[in-house]
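This briefing describes the architecture, packing and surface of one protein chain. Please consult the sequence and the structure shown here while reading the points that follow.

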Amino acid sequence: MMPNAAVSHPPAEHTPPTEESVEPEADAAVEPPADATGEVEHQHGQLEDVAGHAHVDAADPCVDDGHHEGAASPAGGHAHWGEDGASTPFERAMSRIGVFHSFAVHFPIALILAAALAQGLVLAGRFATGSDTVRYLVWTGAAGGVAAGLLGWAHSGPMGADEAGVMLAHRLLGTALLFGLVGLAALGEWSRRPDNQLGALIFNVALFGSALALLLNGFLGGALAHGGLRHLFGGG
């Protein structure tokens, strides 16, 4: 009988699994986290908002420099007749009359500037008989200033609570000129009294100052008509 011997078996050959034997796992659908989806939607909404805002800005060539927050009138100026424009019959009537403001403003500017030029020639001794011409120009310029000022208020409507910048300056300076030109005409009559050198001096200062103020306010009005100071200086 053969002795018991340890039966030795050759070690089993371990063969690494081939690619065919490995079953590919089903690809899991990759879903972005809820917060990531919300962020994408939020960014998309922001892009739409920016695009819509740019479209509105491009459609409105009138850039407001903080000078006006009312509804723009179709005539190219600015009106404060409520957020949606003139609504009552009175407001609509004032708005229609006010369109003549841009026509009337040229008369006081031209007449007072001509009066200042004539007075300068009188003071230089080049226009000895020009005092009556100056008087006529000042009175007609004052009448034109009153008409332009009243039409300006009819055109722009009541002052807005948040009015600022160019519009506010144009309104205040125009209102001051409305009364100031009447005062200038009265001052001219006072200065014509004999030996009234003080009156003549005050009248000359007031006349040349009024001419400069009219030039400045005309510039501000032109800025409003063309969409703001940045339009006049080429800044968009």
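A contact is defined as heavy atoms within 4.5 Å of each other. By that criterion, the buried residues of helix H4 pack against helix H3 (101–104), helix H5 (131–156), helix H6 (165–191) and helix H7 (197–225). The model is a predicted one, in which local features need pLDDT of at least 70 and side-chain atom pairs count only at pLDDT 80 or more, while totals for chains, interfaces and linings use all residues. Residues are numbered from 1 along each chain as its sequence is written, and side-chain values use heavy atoms, with hydrogens and water left out.

**Overall architecture**

- The protein chain contains eight helices and zero strands, where helices (H or I, at least four residues) and strands (E, at least two) are DSSP runs numbered from the N terminus.
- Read from the N terminus, the order of elements is α-α-α-α-α-α-α-α.
- Of the 236 residues in the protein chain, 28% are buried; buried means under 20% relative accessible area, exposed means over 50%, and partly exposed lies in between (1.4 Å probe, protein chains only).
- Among contacts between residues at least 6 apart in sequence, 69% join residues at least 24 apart.
- The protein chain exposes about 15,700 Å², of which carbon and sulfur atoms supply 66%; accessible areas come from the Shrake-Rupley method with a 1.4 Å probe, and for residues only the protein chains shown count as cover.

**Helix H4 and its surroundings**

- Helix H4 (residues 106–123) has 18 residues and reaches 26 Å from its first C-alpha to its last, close to the 26 Å expected at 1.5 Å a residue; the expected span is 1.5 Å times one less than the number of residues.
- The buried residues of H4 are Pro 108, Ile 112, Ala 115, Ala 116, Ala 118 and Gln 119.
- Viewed down the axis of H4, these buried residues fall within an arc of 165 degrees, so they line one face of the helix; the arc is that of the directions from the helix axis to the C-beta atoms.
- His 106 and Leu 117 are exposed on the other side of H4.
- Ser 210 is found in helix H7 and is buried, with a relative accessible area of 11%.
- Ser 210 touches Ile 112, Leu 177, Leu 181 and Leu 184, not counting residues up to four places away in sequence.

**Salt bridges**

- The count comes to two salt bridges, a salt bridge being a side-chain nitrogen of Lys or Arg within 4 Å of a carboxyl oxygen of Asp or Glu.
- Arg 192 forms a salt bridge with Asp 132, and the closest N and O atoms are 3.1 Å apart.
- That pair links distant parts of the chain, with Arg 192 in the loop between H6 and H7 and Asp 132 in helix H5, 60 residues apart.
- Arg 192 is partly exposed at 38% relative accessibility, and Asp 132 is partly exposed at 48%.
- Glu 189 and Arg 135 meet through their side chains in a salt bridge (2.7 Å, N to O).
- Glu 189 lies in helix H6 and Arg 135 in helix H5, so this pair ties together parts that are 54 residues apart in sequence.
- Glu 189 is partly exposed, with a relative accessible area of 27%, and Arg 135 is partly exposed at 37%.

**Nonpolar surface patch**

- Trp 190, Leu 198, Leu 201, Ile 202 and Val 205 make a nonpolar surface patch of about 470 Å².
- Patches are made of residues with over 30% relative accessible area and no salt bridge, with like charges joined within 9 Å and nonpolar side chains (Val, Leu, Ile, Met, Phe, Trp, Tyr) within 5 Å.
- H7 gives the most to this patch, with four residues.
- Trp 190 lies in helix H6 and is partly exposed, with a relative accessible area of 31%.

- The 26 residues of H5 should span 38 Å at 1.5 Å a residue, and its end C-alpha atoms are 37 Å apart, which agrees.
- Gly 125 follows H4 and has a positive phi, near 80 degrees.
- Gly 157 follows H5 and has a positive phi, near 80 degrees.
- Asp 195 has a positive phi of about 55 degrees although it is not a glycine.
- Most residues other than glycine have a negative phi.
- Asp 195 is placed in the loop between H6 and H7 and counts as exposed at 82% relative accessibility.
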